[in-house]
Amino acid sequence: MAKTHRTHEEATVEMFQKDPELAADYLNSVLEDGDETDLMLALRTLSKAFGGVQEVARQADVNAHTLYRTLSEKGNPELKTLSAILKAMGMRLAIQPLSHQGQHHAHA
């Protein structure tokens with residue numbers, strides 16, 4: 001008999017698998033409101049939608065043990081590692097201007 005209900009995390013993982021744009025929005029919202037720890041834990045959760053930490057590590061060409069440590073509360077990846085992890089999930093780092101600051105810093 002099949003399970004009739006899923007956990008919130010299972011439903012979230014399935015949504016991210018079907019909609020990479022949603023995964024990117026999720027990470028962007030974590031970056032806006034959270035800190036480095038929140039981002040690492042969000043990436044760990046997201047990794048479940050992309051085959052798990054082991055698979056993401058393989059695709060990112062990173063040692064799985066290292067990646068588990070990186071995606072922990074004390075994780076502090078190098079920029080190249082973070083880029084590789086995101087690439088394995090079909091995403092990339094991007095820089096955007098703060099939308100609520102429409103001021104230019106040029107002087108007349």
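I started with burial: 32% of the 108 residues of the protein chain count as buried. For me, buried means under 20% relative accessible area, exposed means over 50%, and partly exposed is what falls in between (1.4 Å probe, protein chains only).

This is a predicted model, so I keep in mind that local features need pLDDT of at least 70 and side-chain atom pairs count only at pLDDT 80 or more, while totals for chains, interfaces and linings use all residues. Residues are numbered from 1 along each chain as its sequence is written, and side-chain values use heavy atoms, with hydrogens and water left out.

**Layout**

From the N terminus on, the order reads α-α-α-α-α-α. Helices (H or I, at least four residues) and strands (E, at least two) are DSSP runs, numbered from the N terminus.

Next came contacts, meaning heavy atoms within 4.5 Å. Among contacts in the protein chain with a separation of 6 or more, 50% come from residues 24 or more positions apart.

**Helix 1**

Which residues of helix 1 are buried? I found Thr12, Val13 and Phe16. They sit on the same side of helix 1, because they cover an arc of only 100 degrees around the axis. The arc is that of the directions from the helix axis to the C-beta atoms. The cover over these buried residues includes helix 2 (20–33) and helix 3 (36–47).

**Salt bridges**

How many salt bridges does the structure hold? I get two, with the criterion being a side-chain nitrogen of Lys or Arg within 4 Å of a carboxyl oxygen of Asp or Glu. The background is simple: side chains of opposite charge can pair when their charged atoms come close.

- Glu14 pairs with Lys18, and their closest N and O atoms are 3.2 Å apart. Both lie in helix 1 (residues 8–18), four residues apart, about one turn of the helix. Glu14 counts as partly exposed because its relative accessibility is 30%, and Lys18 counts as exposed at 65%.
- Arg58 meets Glu55 at 2.6 Å, N to O. Both are in helix 4 (residues 52–60), three residues apart, about one turn of the helix. Arg58 is exposed at 57% relative accessibility, whereas Glu55 is partly exposed with a relative accessible area of 23%.

**Positive phi**

I checked phi at Asp61: near 60 degrees, a positive value in a residue other than glycine. I noted it down because most residues other than glycine have a negative phi. Where does Asp61 sit? Its place is in the loop between helix 4 and helix 5 (64–70). With 73% relative accessibility, Asp61 counts as exposed. I also looked at Gly90, which follows helix 6 and has a positive phi near 80 degrees.

Not counting residues up to four places away in sequence, Thr70 touches Met40, Gly75, Asn76, Pro77 and Ile85.

Ile85 turns up again among the buried residues of helix 6, which are Thr81, Leu82, Ala84, Ile85, Leu86 and Ala88. I asked what they pack against and got helix 2, helix 3, helix 4 and helix 5.

Leu93 lies in the segment after helix 6. It counts as partly exposed because its relative accessible area is 36%. Leaving aside neighbours within four places in sequence, Leu93 is in contact with Leu79, Leu82, Ser83 and Leu86. Leu93 and Asn28 are 65 residues apart in sequence, and their C-alpha atoms are 10.0 Å apart in space.

**Largest pocket**

Last, the pocket search, run on a 1 Å grid over the protein atoms alone: a pocket is an open set of points where a 1.4 Å probe fits, with protein on both sides within 12 Å along at least five of seven lines. Lining residues have an atom within 4 Å of a point.

The largest pocket comes to about 660 Å³, the volume being the space filled by probe spheres set on the points, with grid points joined across faces, edges and corners. I count 19 lining residues, and Leu27, Asn28, Leu31, Ala94 and Gln96 lie nearest the centre. Helix 2, helix 3 and helix 6 (79–88) are the elements that give two or more residues to this lining. Helix 2 gives the most, with five.

What does the lining look like by class? I have 13 nonpolar, four polar and two charged residues. Ala, Val, Leu, Ile, Met, Phe, Trp, Tyr, Cys and Pro count as nonpolar, Asp, Glu, Lys and Arg as charged, and the others, Gly among them, as polar.
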